[in-house]
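Please read it alongside the sequence and the structure.

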Amino acid sequence: MNAKIEIQQQQVVAPDRPVIPFIEGDGIGKDITAPSQRVIDAAVDRAYGGRRQLLWYEVLAGEKAFRQTGEWLPETTLKAFREYLVGVKGPLQTPVGGGIRSLNVALRQSLDLFVCLRPVRWFKGVPSPIRYPSLVDMHIFRENTEDIYAGIEYMAGEADTRKFRDFLINEMGVDKIRFPESSSFGVKPVSRDGSERLIRAAIQYAVARRLPSVTLVHKGNIMKFTEGAFKNWGYALAEKEFPQQTFTWQQYEKVKEERGKPAADQALADAKKAGKVVIKDVITDAFLQESLLRPYDHSVIATLNLNGDYISDQLAAMVGGIGISPGANINYHSGYAIFEATHGTAPNIAGTGQANPSSLILSCVMLLEYIGWHEAAEKVYDGMEHTFSKRRVTADLFAQMEGATLLSTAEFADEIIRNMH
Ligand code: NAD
C-alpha cells in the first residue's frame, strides 16, 4: 500500500495512511511533540473513525542527532523529507561550532522551501494586547530564500570589504557612502523569479480560500529596485496570470484617472461583489501601524524576507505570542513542506512540563489542511477554542489570565482532546 503523499498536477494527494517524518527537536521539543501528536491522532480518529491515520516516523536533527550519529543534520533526515514530501519539525537549537550556521536555514535551503507561511488568528479567551483581537485573521507569505538573508555581507576593515568598497566607488561611481573607511556592507538580492513565485502562491491561496485581499508589503519608497520592484512585479503578475480572479489597486487608479473616483469606487465594489481578490500594497512601516489599528483591512500578506520576519512576530504578539503561533515552510511547486513550531527550544523551561504545545499542534493542523483533511483540522480548532474559553491553559498564558486553571503540557493536550465535539 502506498504511504506517500504526492503532488499530482499541482495538487497534494494523500493516501489514507501517510507516513509523516517528524523531528522531535531540542529543549522543549521533547515535551511538546508526543502531546501534540496525541491531539492530532485523536482528531483524525474522531473525524474519520479509523479510516485514516497519520503514521509518525521519527527522523533525527539537532542535538539528539548529534549525540546518536555525530551529525547535526544527517542526510537520511533530508532523504526522508524528500521521500515523504510533508513533515513536522520541533524547535532546534543553533549548533555551537561546526559547519552549520542554522539547521532551520539548512533545511529550508536544501528543499528550496520558498514560502514561510504564518496564519494569524485569535482564539477566544487568549490574552491579547489589542482591543479587538477577534478581528485578526491574517495569513503571512514571507519570501524565504532571498533578500538580506542571502548572507552576502562584508565586515568593516577586512580585505574583501575594501575590495568591494573600491569596486563600488571606482567602477560603479558610487559617491554616497558616508564613512567609506569604517563601513560594513550587505547585499540584498531580490529577483523577479523569486518574487513572482512567492506572490503567485499567495494569490492562489487567497483565491482557493475565497479570502478578500492580498497586500504586498514593501519598502519600495526607499529601496526602489528591490522592494519597489517586488511590488511592481506583484501587480503585473496578478493582472497577467489572474485577470478573472483579481482586481488590483493599479487598475483602480487607472479607472480613477480615466473616469473619475466614483467610477473607480464602483469598479472596486463590483470586483468585491464578484468575489475577486483585491491586490493592494502598503509600505512596511505603515503596515505595522495599520495591522494594529485596522487588522480587518488585511487578509493575505505577501512580503520579502526581512519584512516578513518583523511582521510575523508583531502579528503573533497580537493574538497571544509565539507559544501559540504556527508556521510552515513550503515549496508549492515540488510540494515539499515542513510544518514547525515557530518558537525556539525554550531551554529555561525544558523538561519541566510547562511548555505550551499550541504552536506545534496548530502547525500540525496546517499540515492536515495542506493534505485536505479539513474535518480533522476542524476537530482540533474546536477542542482548542473550548479549552481556551474555559481558561484551562499552560503557564505562559496562565500568568496573564484572570481566573485561569494551570495545566501541564500533557494535561492541556488531554483537555483539548476532551473538548473536541
Ligand atoms: P525561545 O523561543 O526558545 O524562548 C523565548 C521565550 O519564550 C522564553 O522565555 C521561553 O521560555 C518562552 N517560550 C518559547 N516557546 C514556548 C512555549 N511553547 N511555551 C511556553 N513558553 C515558551 O527563544 P530563544 O531563547 O531566543 O532561543 C533558544 C534557542 O532556540 C536558541 O538556540 C535558538 O537558536 C533556537 N531557536 C530555534 C527556532 C526554531 O527551531 N524554529 C526558533 C527560534 C529560536
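Thr-226 counts as buried, because its relative accessibility is 17%, where buried means under 20% relative accessible area, exposed over 50% and partly exposed in between, with a 1.4 Å probe and protein chains only. This is a predicted model, in which local features need pLDDT of at least 70 and side-chain atom pairs count only at pLDDT 80 or more, whereas totals for chains, interfaces and linings use all residues. Residues are numbered from 1 along each chain as its sequence is written, and side-chain values use heavy atoms, with hydrogens and water left out.

Thr-226 lies in helix H7; helices (H or I, at least four residues) and strands (E, at least two) are DSSP runs, numbered from the N terminus. Not counting residues up to four places away in sequence, Thr-226 touches Lys-188 and Val-190, where contact means heavy atoms within 4.5 Å.

**Glu-146 and its loop**

Val-190 is also one of the contacts of Glu-146, which, leaving aside neighbours within four places in sequence, include Pro-189, Ser-191, Gly-194, Ser-195 and Asn-305. Glu-146 is found in the loop between E7 and E8 and is buried, with a relative accessible area of 14%. The side chain of Glu-146 makes a polar contact of 2.6 Å with the side chain of Ser-191; such a contact is a pair of N or O atoms within 3.5 Å, and within protein one must be able to donate a hydrogen and the other to accept it, while residues adjacent in sequence count only if both atoms are side-chain atoms. From C-alpha to C-alpha, Glu-146 and Phe-114 are 8.8 Å apart in space, although 32 residues apart in sequence.

Asp-147 lies in the loop between E7 and strand E8 (153-154), and is buried with a relative accessible area of 0%. What is the phi of Asp-147? The angle is near 70 degrees, a positive value in a residue other than glycine. Most residues other than glycine have a negative phi. A positive phi, near 50 degrees, is likewise found for Asp-112, which lies in the loop between helix H4 (103-110) and strand E6 (115-121). Asp-112 is partly exposed, with a relative accessible area of 30%.

**Helix H10**

In helix H10, which spans residues 284-293, the buried residues are Thr-284, Phe-287, Glu-290 and Ser-291. These four lie on the same side of H10, because they cover an arc of only 115 degrees around the axis, the arc being that of the directions from the helix axis to the C-beta atoms. An α-helix has 3.6 residues a turn, so residues three or four places apart point the same way. The buried residues of H10 pack against strand E7 (137-143), strand E10 (213-218), helix H7 (224-241), strand E12 (277-283), strand E13 (300-303) and helix H11 (305-318). Turned away from that buried side is a face of H10 that carries the exposed residues Gln-289 and Leu-293.

**The ligand**

The ligand is surrounded by 20 residues, of which the closest are Leu-92, Thr-94, Gly-344, Ala-346 and Asn-348; a residue is counted here if one of its heavy atoms lies within 4 Å of the ligand. By class, this shell has 9 nonpolar, 9 polar and 2 charged residues, where Ala, Val, Leu, Ile, Met, Phe, Trp, Tyr, Cys and Pro count as nonpolar, Asp, Glu, Lys and Arg as charged, and the others, Gly among them, as polar.

| Residue | Protein atom | Distance to a ligand oxygen atom |
|---|---|---|
| Asn-104 | polar side-chain atom | 3.1 Å |
| Thr-345 | backbone N or O atom | 3.0 Å |
| Asn-348 | polar side-chain atom | 2.9 Å |

The protein covers 65% of the 810 Å² of accessible area that the ligand has on its own, with areas from the Shrake-Rupley method and a 1.4 Å probe; for residues, only the protein chains shown count as cover.

The C-alpha atoms of Asn-348 and Leu-368, 20 residues apart along the chain, are separated by 31 Å. Leu-368 has its place in helix H12 (residues 358-370) and is buried, with a relative accessible area of 0%. Apart from neighbours within four places in sequence, Leu-368 is in contact with Ile-40, Val-44, Leu-54, Trp-373, His-374, Ala-376 and Ala-377.

Arg-418, in helix H15 (residues 409-418), counts as exposed at 55% relative accessibility. The side chain of Arg-418 makes a polar contact with the side chain of Glu-415 (3.0 Å).
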